[in-house]
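The sequence and structure come first, followed by the points grouped by topic.

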Amino acid sequence: MRSPALTSTASFKALESHAAEARDWQLRSLFAHDAQRFPKLTVDAAGLFLDYSKNRLNTATIGLLLDLARERGVERQRDAMLNGEKINLTEQRAVLHTALRMPRGKQLVVDGQDINADVHAVLDHVKEFTDRVRGGQWLGYSGKQITDIINIGIGGSDLGPKMAVLALRSYSHPRLKMHFVSNVDGHDMDAALAQVNPETTLFIVASKTFTTAETMLNAGTARNWFLQSGGKQEDLAKHFVAVSTNTKAVAEFGIDTANMFPFWDWVGGRYSVWSAIGLSVALAVGFGYFADFLAGAHAMDEHFREAPLEQNMPVLLAMVGFWNRQFLNAGSLSIAPYHQDLNRFPAYLQQLDMESNGKRVTRNGDAVDTVTCPVVWGECGTNAQHAYFQLLHQGTDVTPIDFIAALRATHDLAGHHDALLANCFAQSEAFMTGKTADEVRADLAGQNLTPEQIEALVPHKTFPGNRPSNTILMDQLTPGALGALIALYEHKTFVQGVLWDVNSFDQWGVELGKVLARNIQSELSGEAQPDRHDSSTNGLIGMAKAAQHI
């Protein structure tokens with residue numbers, strides 16, 4: 001059954017009428033006229049706090065947005081996903097990343113298979129292995145303990161684990177140094193290998209099929225380096241493990257299949273950090289903290305499943321984002337974590353959001369009749385303030401911002417955390433209030449400037465304000481809080497996909513370039529002269545071939 005076009009629904013039409021009025025609202029006035037605005041437009045869940053009061057909306061807006069969520073079937077689709085229905089229609093797969101963080105014994109049967117039992121069998125394997133490496137019982141070929149771990153993957157097999165390991169830096173094992181290689185550019189692998197000793201290095205090759213071109217090229221280079229640096233073929237099993245389901249290919253590579261950690265086709269790459277793909281995370285922080293990471297995500301899953309939409313944090317975050325994208329013409333979303341350990345979180349969200357909802361056709365293949373996913377980008381505060389916040393404050397586009405912060409630090413350096421939070425809260429206030437021309441004049445009045453000089457400066461120092469933001473707070477950046485934060489954005493992305501009626505769980509857009517790259521690679525490495533492409537591509541290939549002979 002085809003869903004009706006989004007713009008034809010009664011709730012969307014009601015929102016259009018409401019938006020025509022709301023576009024002229026000023027956040028200063030909304031706060032001034034409602035002393036209860038902050039408590040009305042905030043919500044707690046799974047150890048996180050969301051303040052969405054600094055958006056150009058009110059409780060009536062939220063009511064209309066939730067009407068749309070219900071009309072588009074958000075609750076029905078949520079339940080279908082959580083129950084294991086095959087909602088990934090183009091690949092005929094269930095979408096069960098939430099099952100990866102369910103507690104042991106919580107039965108979920110899909111196609112006659114007890115998913116929970118399978119998940120915890122792999123987790124038990126992860127625990128046994130990581131305990132041996134961290135405890136020093138797993139030794140390299142020369143009898144030395146492992147000191148460095150290089151995770152070789154790409155996309156979700158790299159972004160999620162790398163982000164989580166960096167985020168949980170303060171929980172990491174003091175002996176183990178983590179490295180991540182994803183780029184097919186050899187400079188990435190070269191830089192990692194220059195830092196490690198083959199006798200004490202463990203490689204994780206993360207590829208479900210063990211055929212991913214970029215990952216297998218990097219894995220082959222790592223194996224060659226190991227064998228050329230003193231290791232022998234029979235030593236590979238002590239220094240290479242696999243996260244894969246291709247037993248034959250793993251064994252042919254030289255990895256002992258006893259050290260192969262499987263996952264399933266219902267685990268999408270960008271949702272896979274909870275699976276054996278998170279092996280590097282468990283190695284870094286230990287299985288106990290990895291279990292806390294899973295538990296934090298599960299707590300958000302349960303909130304998403306059970307909370308009414310009016311108090312449902314992922315739903316509210318999604319609907320606010322939809323409002324800004326659809327009705328306030330916000331073409332991008334900036335992520336500003338005020339926590340250095342979350343420095344890869346914006347990059348992680350880029351894949352999660354844009355690979356999921358960067359689509360132009362509905363689940364039935366019809367053209368969507370609205371804009372869809374915004375561009376997601378960002379950087380840690382306070383660095384971002386000295387880079388692109390100028391554009392966000394005074395540029396011609398209005399860009400919503402998600403501020404993310406922890407109320408307490410995991411370090412004890414005096415003065416730093418108060419300064420960090422002061423900047424975070426001040427920026428969200430500044431984006432909301434701005435600074436009027438009269439306020440600028442008042443500031444300049446005591447600076448011995450002539451009236452003409454003051455008026456010349458006024459337009460440059462005026463801030464329009466009225467720029468939307470959310471603030472997400474946690475007590476500390478713990479494994480549990482990180483799990484809840486990731487799950488929050490996963491579910492937000494899902495809800496918006498339901499609104500637009502796109503399949504958030506395939507990614508055909510990454511395929512075309514890969515296919516063309518295989519053809520061009522054969523031309524770069526062979527004798528054939530390129531003539532099968534447009535003149536630009538032929539010319540670029542020719543330049544590259546010529547450079548190889550210099």
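How many cavities of 30 Å³ or more does a search of the whole structure find? The search finds 2 of them. The model is a predicted one. Rolling a probe the size of a water molecule over the atoms shows where empty space is left.

**Largest cavity**

- The space in the largest cavity comes to about 140 Å³.
- Its lining is made up of 15 residues. Those nearest the centre of this cavity are Gly321, Asn324, Leu333, Pro400 and Lys492.
- Three elements each supply at least two lining residues: the helices α14 (313-327) and α20 (479-500), and the strand β10 (332-338).
- α14 provides the largest share of this lining, with 5 residues.
- By class, the lining of the largest cavity holds 7 nonpolar, 5 polar and 3 charged residues.

**Second largest cavity**

- The volume of the second largest cavity is about 40 Å³.
- Leu333, Ile335, Leu349, Leu352, Asp353, Val376, Tyr489, Lys492 and Thr493 line this cavity.
- Two or more of these lining residues come from each of β10, α15 (345-357) and α20.
- The lining of the second largest cavity divides into 6 nonpolar, 1 polar and 2 charged residues.

**Residues and elements named for both cavities**

- Leu333 and Lys492 are among the residues nearest the centre of the largest cavity, and both also line the second largest cavity.

Terms used. Residues numbered from 1 in each chain as written. Predicted model: local features only at pLDDT ≥ 70, side-chain atom pairs only at ≥ 80, totals over all residues. Heavy atoms only, no water. 1 Å grid on protein atoms, 1.4 Å probe; cavity = no way out; pocket = protein on both sides within 12 Å on 5 of 7 lines; lining within 4 Å. Points joined across faces, edges and corners; volume = space filled by probe spheres on them. Helix = DSSP H or I, 4+ residues; strand = E, 2+ residues; numbered from the N terminus. Nonpolar A, V, L, I, M, F, W, Y, C, P; charged D, E, K, R; others polar.
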